Amino acid sequence: DISHQSQVLVLDAKGRQTGILRQLARGGFMMEPDRHYTEDGKIYSFTIHEPTEDIKVRVNARLRFADQQYAGFEFVDLDPDAAVEIGQIIGKYYEHTKA
């Protein structure tokens, strides 16, 4: 889980904010979206931006869940470099929540 106050942003392919990250895992993520997503099977390109470490991870993801508050995505073809950066973000917030 990632708190809303952490302001880890999800950006679209053009660099515009599309949501705030709320959960992150090896297989995907969930965000509070700025717009409604429909389950259309489309693969979206996002950048996850963790501001305090200035980590920017480009990912492709497919929508798996959407309601009025959250949208959950599954990573598609996550490359090794992106996986390492995702792991760094997970580690940062895992440690933060354990303290």
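Are Phe46 and Phe73 buried or exposed? Here are my notes on the aromatic rings.

1. Before you dig in, remember that this is a predicted model, where local features need pLDDT of at least 70, side-chain atom pairs count only at pLDDT 80 or more, and totals for chains, interfaces and linings use all residues. Residues are numbered from 1 along each chain as its sequence is written, and side-chain values use heavy atoms, with hydrogens and water left out.

2. You'll find nine aromatic pairs here (rings of Phe, Tyr and Trp, taking its six-membered ring, with centres within 6.5 Å; planes under 30 degrees apart are stacked, over 60 edge-to-face, the rest tilted). Take Phe29 and Phe75: their ring centres are 5.9 Å apart and the planes sit at 40°, so this pair is tilted. Phe29 belongs to strand 3 (residues 28-33) and Phe75 to strand 6 (residues 71-75), so to speak distant parts of the chain, 46 residues apart (strands are DSSP runs of E, at least two residues, numbered from the N terminus).

3. Phe29 is buried, at 4% relative accessible area, and Phe75 is buried too, at 9% (buried means under 20%, exposed over 50%, partly exposed in between, with a 1.4 Å probe and protein chains only).

4. Back to the opening question: both Phe46 and Phe73 are buried. Their ring centres lie 5.0 Å apart with planes at 75°, so they pair edge-to-face. Phe46 in strand 4 (residues 43-50) and Phe73 in strand 6 are 27 residues apart.

5. Phe29, Tyr37, Tyr44, Phe46, Phe73 and Phe75 make up one aromatic cluster. Over the ring of Tyr37 sits the charged end of Arg35, 4.0 Å from the ring centre (the cut-offs: NZ of Lys or CZ of Arg within 6 Å of the centre and within 35 degrees of the ring normal).

Technical notes: Helix = DSSP H or I, 4+ residues; strand = E, 2+ residues; numbered from the N terminus.
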